[in-house]
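This report describes one protein chain, from its overall form to individual residues. The sequence and structure come first.

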Amino acid sequence: MLARAVQRSAGAVRLHAFTFTSNPLHLRVWARGAALAGFMQYLRANLSKKVGGLERRFLGAA
């Protein structure tokens, strides 16, 4: 998901480092102009969908 978000930015966002822990997400990125907003919107929306799908699949959440 993260790699796809960087690829979609067509070079306007560069990912230097990241960590995923139980709750927070930390990114170290370089972004050209307003590209960061679109990058984060895409990443957060798709990450939420993926996590929601995993919860329903493995935890039986509604």
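## Burial and surface

Of the 62 residues of the protein chain, 15% count as buried. This figure, like every other value here, was computed on a predicted model. The chain exposes about 4,900 Å², and carbon and sulfur atoms supply 54% of that area.

## Fold and overall dimensions

Two helices and two strands make up the secondary structure of the protein chain. Read from the N terminus, the order of these elements is α-β-β-α. The radius of gyration is 13 Å, well over the 11 Å that the globule rule gives for 62 residues, so the chain is more spread out than a compact globule.

Along the principal axes, the C-alpha atoms fill a box of roughly 40 × 20 × 15 Å. As for contacts between residues at least 6 apart in sequence, 27% join residues that are at least 24 apart.

## The strand pair

Strand E1 covers residues 13-20 and strand E2 covers residues 25-31. The two pair in the antiparallel sense, over seven bridges. Together E1 and E2 form a hairpin, with four residues between them. Within this pairing, Phe20 stands opposite Leu25 in E2.

A general point applies when viewing side chains here. In a regular strand, side chains alternate between the two faces of the sheet.

Helix H2 spans residues 35-59. Met40 and Leu59 can be taken as two reference points: Met40 is found in H2, and Leu59 has its place in this helix too.

Is Leu59 buried or exposed? Its relative accessibility is 67%, and the cut-off for exposed is over 50%, so Leu59 counts as exposed. Leu59 also belongs to a nonpolar patch on the surface, which it forms with Leu54 and Phe58. Together, these three residues have about 360 Å² of accessible area.

For Met40, the relative accessibility is 25%. Buried requires a value under 20% and exposed a value over 50%, so Met40 counts as partly exposed.

## Met40 and Val6

How many residues apart along the chain are Met40 and Val6? The separation in sequence is 34 residues, while the C-alpha atoms of Met40 and Val6 are separated by 9.9 Å. At the Met40 end, this pair involves a residue of helix H2 that is partly exposed.

Conventions:
Residues numbered from 1 in each chain as written. Predicted model: local features only at pLDDT ≥ 70, side-chain atom pairs only at ≥ 80, totals over all residues. Heavy atoms only, no water. Rg over C-alpha atoms; globule rule 2.2 N^0.38 Å. Buried < 20%, exposed > 50% of the residue type's maximum accessible area, 1.4 Å probe, protein only. Contact = heavy atoms within 4.5 Å. Areas by Shrake-Rupley, 256 points an atom, 1.4 Å probe, with all protein chains shown as cover. Pairing = 2+ DSSP bridges. Patch = residues over 30% accessible without salt bridge, like charges linked within 9 Å, V, L, I, M, F, W, Y side chains within 5 Å. Salt bridge = Lys/Arg side-chain N within 4 Å of Asp/Glu carboxyl O.
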